[in-house]
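Let us read a model feature by feature.

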Amino acid sequence: MAALPPASARGGRLKDSWRATSLRSTFGPQCLAHLQTGPSCGFGNICAAGGGPHQTYVSPEADRALCRAQGGNNSQGAIYRVQDSLGTQQLSTLPSAPVSGFGTGKRPGMADRTRVPGPGAYKARPALGLQVDSTKQSASVVAFSSATRDAAGRVFISVDHEKSGYGRESPGPSAYLVAGGLGRQQLSERESLPQWRMGSEPRFHGAAARQSATMPGPGQYATARAVGPQQLSTKRSTPTVGFSRADRDSSKKLFISLEHEKSAYGTCSPGPCTATVEAAASSRRLSTQPQPSAWGFGTSRRLPQERNDAPGPGEYFA
């Protein structure tokens, strides 16, 4: 609230000094008597367990309806200690059921009660093998013989069995020493084949043979080639075909016909990259071509007559 000036400065009116300079809210308690305070609604802060509207008595029918709706909300809850129905009962009104248990005493043995040995007390002999009791017949025992095959092969059984042993004592194929069929035969019943050999007597004993030995052999002659120039006048040299050594520029200088000359048009002229093309927008170097008009930007200062010292829009601090 703002401070009020003195009464002399306010024209002498005292009631104006107590006039509020700001407005109060219309919600909540009203300070002015001519304004009625509106009803206020709020949430209760009473605990349901410690008291509240549920403990207010209305009527017996309302209490019964509240108990049915809450389902035992006012009871003491699951705090009952229910005793077990098995074992000793604490209440005298309930009889205790009989209890059965396992005894801890040692049981008597079978021999103590019947005075007869049990099944494990007998020493029964096996039914296989040699029987000790004379009332039991011993079964026949089959075993493998320990004799070698050589000893068993010497036993005579029949003539047919002897035929199966033919060749067992004879030597194998590699044990024989077979003499060769070529050369001198060791056995008298075999005839030795005739033999030939190279003589050791020197060759060419005659005069003609000695003269022939002094003559050169086939590889000593120098035979001229049949291809190319012939050295002997009796032999004719065949024509030789070769490749010319002239270059293409020399062959183009030969005149053949006018049609052949047309194929060489442009051979000595410059190519497209050798010519210097002038730009179309530049100045012409040839006097036969007109010079195009050119435009440029001026270098003088603009608007010298309208220049002043007034600040621009950006010079202001707004």
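The dialogue below goes from the whole chain to single side chains.

Q: What kind of model is this, and what is the mean pLDDT of the protein chain?
A: It is a predicted model. Start with confidence, which pLDDT gives for each residue on a scale from 0 to 100. The protein chain has a mean pLDDT of 76. Of its residues, 81% reach 70 or more.

Q: Where is confidence lowest, and where is it highest?
A: Compare the elements. Helix α2 has the lowest confidence, with a mean of 61. Helix α7 has the highest, at 85. Look also at residues 1-12, where the pLDDT is below 50. Beyond near neighbours in sequence, that stretch has 8 contacts in the model.

Q: How many helices and strands are in the protein chain?
A: List the secondary structure in order. The protein chain has 7 helices and 0 strands. From the N terminus, the order reads α-α-α-α-α-α-α.

Q: What share of the contacts joins residues 24 or more positions apart?
A: Sequence separation is the thing to check here. Take the contacts with a separation of 6 or more in the protein chain. Residues 24 or more positions apart account for 0% of them.

Q: Why does glutamine 131 count as buried?
A: Apply the cut-off: buried means under 20% relative accessible area. Glutamine 131 has 16% relative accessibility, so it counts as buried. This residue sits in the loop between α2 (110-114) and α3 (149-153).

Q: Which residues does glutamine 131 touch?
A: Set aside residues up to four places away in sequence. The partners of glutamine 131 are then Pro126, Lys136, Gln137 and Ser138. Its side chain also has a polar atom 2.8 Å from the backbone oxygen of alanine 127.

Q: Where does glutamine 30 lie, and is it buried or exposed?
A: Locate the residue, then check its accessibility. Glutamine 30 is in the segment before α1. Its relative accessible area is 17%, so glutamine 30 is buried. Not counting residues up to four places away in sequence, glutamine 30 touches Ser25, Leu35, Gln36 and Thr37. A polar atom of its side chain is 3.3 Å from the backbone oxygen of glycine 28.

Q: Where is glutamine 230 found, and what does its side chain reach?
A: Glutamine 230 is in the loop between α5 (207-214) and α6 (248-252). The side chain of glutamine 230 reaches the backbone oxygen of glycine 228 at 3.3 Å. With 18% relative accessibility, glutamine 230 counts as buried. Leaving aside neighbours within four places in sequence, its contacts are Arg225, Lys235, Arg236 and Ser237.

Q: How many salt bridges does the structure hold?
A: Side chains of opposite charge can pair when their charged atoms come close. The structure holds 2 salt bridges. One of them joins the side chains of glutamate 61 and arginine 64, at 3.7 Å from N to O. The other residue pair to inspect is glutamate 259 with lysine 262, where the closest N and O atoms are 3.7 Å apart.

Q: Where do glutamate 61 and arginine 64 lie, and how exposed is arginine 64?
A: Check spacing along the helix. Both residues lie in helix α1 (residues 60-70). They are 3 residues apart, about one turn of the helix. Arginine 64 has 46% relative accessibility and counts as partly exposed.

Q: Which helix holds glutamate 259 and lysine 262?
A: Glutamate 259 and lysine 262 both lie in helix α7 (residues 258-262), 3 residues apart, about one turn of the helix. Glutamate 259 is exposed, with a relative accessible area of 56%. Lysine 262 counts as partly exposed, at 45% relative accessibility.

How values were computed. Residues numbered from 1 in each chain as written. Predicted model: local features only at pLDDT ≥ 70, side-chain atom pairs only at ≥ 80, totals over all residues. Heavy atoms only, no water. Helix = DSSP H or I, 4+ residues; strand = E, 2+ residues; numbered from the N terminus. Contact = heavy atoms within 4.5 Å. Buried < 20%, exposed > 50% of the residue type's maximum accessible area, 1.4 Å probe, protein only. Polar contact = N/O pair within 3.5 Å; in protein donor to acceptor, adjacent residues only side chain to side chain. Salt bridge = Lys/Arg side-chain N within 4 Å of Asp/Glu carboxyl O. pLDDT = per-residue confidence, 0-100.
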